[in-house]
Amino acid sequence: MIRNVDLARPTPLWMVERLRRADVRSIDAAVDITNYVMLELGQPLHAFDLAEINGGIRVRMAEEGEKLVLLDGQEVSLRADTLVIADHSRALAIAGVMGGEHSGVSATTRDVFLESAFFDQIAIAGKARSYGLHTDASHRYERGVDWKLAREAMERATGLLLEITGGEAGPITETVNEQYLPSVAPITLRAKSVEQMLGLVIEPAEIEQLLSALGLGISSIGEGQWRVEVPSHRFDISLEVDLIEELARLYGYNRLPVRYPQARLAPQPKAEARAHLPELRRLLVARGYQEAVTYSFIDPKQFELFNPGVEPLLLANPISNDMAAMRSSLWPGLVKALSHNLNRQQDRVRMFESGLRFVGQLGDLKQEPMLAAWCAAAVCPKAGRKVAMPSTSSTSRLTWKRCWALPVRWMPSRLCRAVTRRCIQARRRASSVKVSWLASSAPFTLSCRKPSAWIVRSLYSSCSWRKWLLAKCPNSASCRASLKCAATWP
């Protein structure tokens with residue numbers, strides 16, 4: 001503490017200018033000195049008005065909901081996980097972030113209490129952002145501060161205060177708990193590791209020269225090995241790779257050789273009779289199956305249907321009565337999904353599911369991965385009007401657009417193939433022809449933007465199914481008239 005200071009004295013111009021160049025606003029002599037020392041040494045400090053401190057200083061965790069008015073005039077409600085600087089009656093500052101307004105120094109302050117501390121990065125990280133604050137002190141504590149610098153910063157700030165504001169300096173009260181302070185262990189550096197990671201051989205004398213220039217204590221402990229003592233301000237160096245990184249930076253990245261990594265890899269044998277689950281899933285999707293994800297909980301009645309005589313594994317607290325048993329197969333969920341799709345006029349459904357089934361009770365419960373799939377489809381697509389067809393192995397659907405479309409619902413596959421051949425042959429005579437021939441029992445589509453008369457005429461004259469077509473039309477006369485009309489299309 002420094003007694004009988006005169007904070008009415010102005011801050012020297014050289015200090016104000018240095019603060020301005022660092023984008024720090026000048027406030028008064030005490031605050032300017034703490035900011036200047038922080039910029040000079042990297043150690044945050046805070047100045048309290050000794051008259052506002054009741055009983056002494058304590059470092060503790062805040063009480064939930066405790067109020068504190070900060071230096072910027074903002075009142076915050078503290079949380080229980082926030083470290084604070086307090087006296088015997090109230091909180092004075094958020095540790096490592098910002099001080100309180102009522103305990104800050106002012107023009108009437110006569111006695112100043114300086115605080116310089118080391119706070120662990122984990123204890124301060126995120127606290128300022130959680131309260132919507134961004135301060136120079138929090139930025140430095142979150143990134144790391146030299147834990148041996150607190151006393152040196154205190155001595156420097158005290159000397160500047162006595163020089164600028166006058167007063168008498170009191171004793172320094174220092175509280176240290178070695179158990180919680182960081183410890184820096186010596187690091188062993190090997191020349192073999194340097195060569196392996198950097199890809200070149202650096203002379204031992206050059207390694208010692210480069211590391212000594214950083215202020216590291218290096219001593220040889222054998223051929224190609226060194227013992228490196230790391231100072232407290234280089235808290236970013238704790239491993240051998242950190243030292244090698246410093247060597248690469250000082251040696252020059254542009255001087256490092258460029259080498260491509262080499263690896264001798266041999267193909268692993270793979271059994272053709274076995275396939276992994278992702279491969280099976282991709283195969284099923286390529287075959288037109290859709291993956292389903294169903295609940296592992298099913299209705300006990302449904303469990304009995306698929307596993308008669310087997311005791312189900314019941315849940316102690318089920319979501320509902322129809323989800324009270326663990327499934328022993330994937331089929332109940334897939335069957336339920338099938339029923340859902342069929343009830344919504346889905347004639348062709350293919351689904352699969354991969355998941356676990358649960359066999360046994362809690363004492364000897366087994367969870368086995370399973371894969372199940374099913375497909376369901378109607379024998380033939382639905383039609384508005386079914387007619388008797390000649391004997392054939394497969395059927396296809398014929399749809400002709402425009403006004404000359406034949407009123408025929410079903411045609412044998414041989415007729416469809418004949419139509420396809422005729423249309424392909426006549427492609428040069430038609431202005432636009434589109435022919436689609438799909439698999440058995442799939443739609444067959446023939447469409448012409450401006451149909452050629454030759455196509456229809458050839459179909460009508462050469463097709464062996466002409467009589468069957470005219471006989472099965474709902475209105476044979478109109479069908480025949482349509483063909484004749486199309487045959488004379490300009």
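Let's start at one residue: Met370 is partly exposed, at a relative accessible area of 33%. (Buried here means under 20% relative accessible area, exposed over 50%, and partly exposed in between, using a 1.4 Å probe and protein chains only.) Before going further, note that this is a predicted model, where local features need pLDDT of at least 70 and side-chain atom pairs count only at pLDDT 80 or more, while totals for chains, interfaces and linings use all residues. Residues are numbered from 1 along each chain as its sequence is written, and side-chain values use heavy atoms, leaving out hydrogens and water.

Met370 belongs to strand E18, residues 366-376. (Helices, H or I with at least four residues, and strands, E with at least two, are DSSP runs numbered from the N terminus.) Leaving aside residues up to four places away in sequence, Met370 touches Leu330, Glu353, Ser354, Gly355 and Arg357; contact means heavy atoms within 4.5 Å. Then there is Leu277, which sits 93 residues from Met370 in sequence but 9.6 Å away in space, C-alpha to C-alpha.

Now zoom out to the sheet around E18. Three strands make up an open sheet in the order E14-E17-E18, with mixed pairing; two strands pair if DSSP finds at least two bridges between them. E14 (290-291) and E18 are the edge strands, each with a single partner, so one side of each has no neighbour in the sheet. Strand E17 (residues 349-359) runs antiparallel to E18, and 11 bridges join them. Within that pairing, Glu353 stands opposite Ala372 in E18.

Two helices pack on this sheet. Helix H10 (residues 277-286) touches E14, E17 and E18, and its direction makes about 155° with that of E17. Helix H12 (residues 331-342) touches E17 and E18, at about 25° to the direction of E18. For these angles, axes are lines fitted to C-alpha atoms, for helices over the stretch in contact, and values run from 0 to 180 degrees between N-to-C directions.

What about the aromatic side chains? A search of the whole structure turns up three aromatic pairs. (Rings of Phe, Tyr and Trp, the latter by its six-membered ring, pair if their centres lie within 6.5 Å; planes under 30 degrees apart count as stacked, over 60 as edge-to-face and the rest as tilted.) One of them is Trp14 with Tyr36, edge-to-face at 5.6 Å centre to centre and 85° between the planes. Trp14 is in helix H1 (residues 13-21) and Tyr36 in helix H2 (residues 29-41), so the pair ties together parts 22 residues apart in sequence. Trp14 is partly exposed at 39%, whereas Tyr36 is buried at 7%.

Phe119 and Tyr141 also pair edge-to-face, at 5.2 Å centre to centre and 70° between the planes. Phe119 is in the loop between strand E9 (112-116) and helix H3 (121-124), and Tyr141 is in helix H5 (residues 136-143), so this pair too links parts 22 residues apart in sequence. Phe119 is buried at 8%, as is Tyr141 at 2%.

Rings meet charges as well: the charged end of Arg79 sits over the ring of Tyr131, 4.6 Å from its centre, and that of Arg255 over the ring of Tyr251, at 3.8 Å. The criterion is NZ of Lys or CZ of Arg within 6 Å of the ring centre and within 35 degrees of the ring normal.

Finally, confidence. Mean pLDDT, the predictor's confidence in each residue from 0 to 100, is 79 for the chain, with 77% of residues at 70 or more. Over residues 380-420 it falls below 50, though this stretch has 90 contacts beyond near neighbours in sequence. Where pLDDT is low, the predicted coordinates should not be read in detail.
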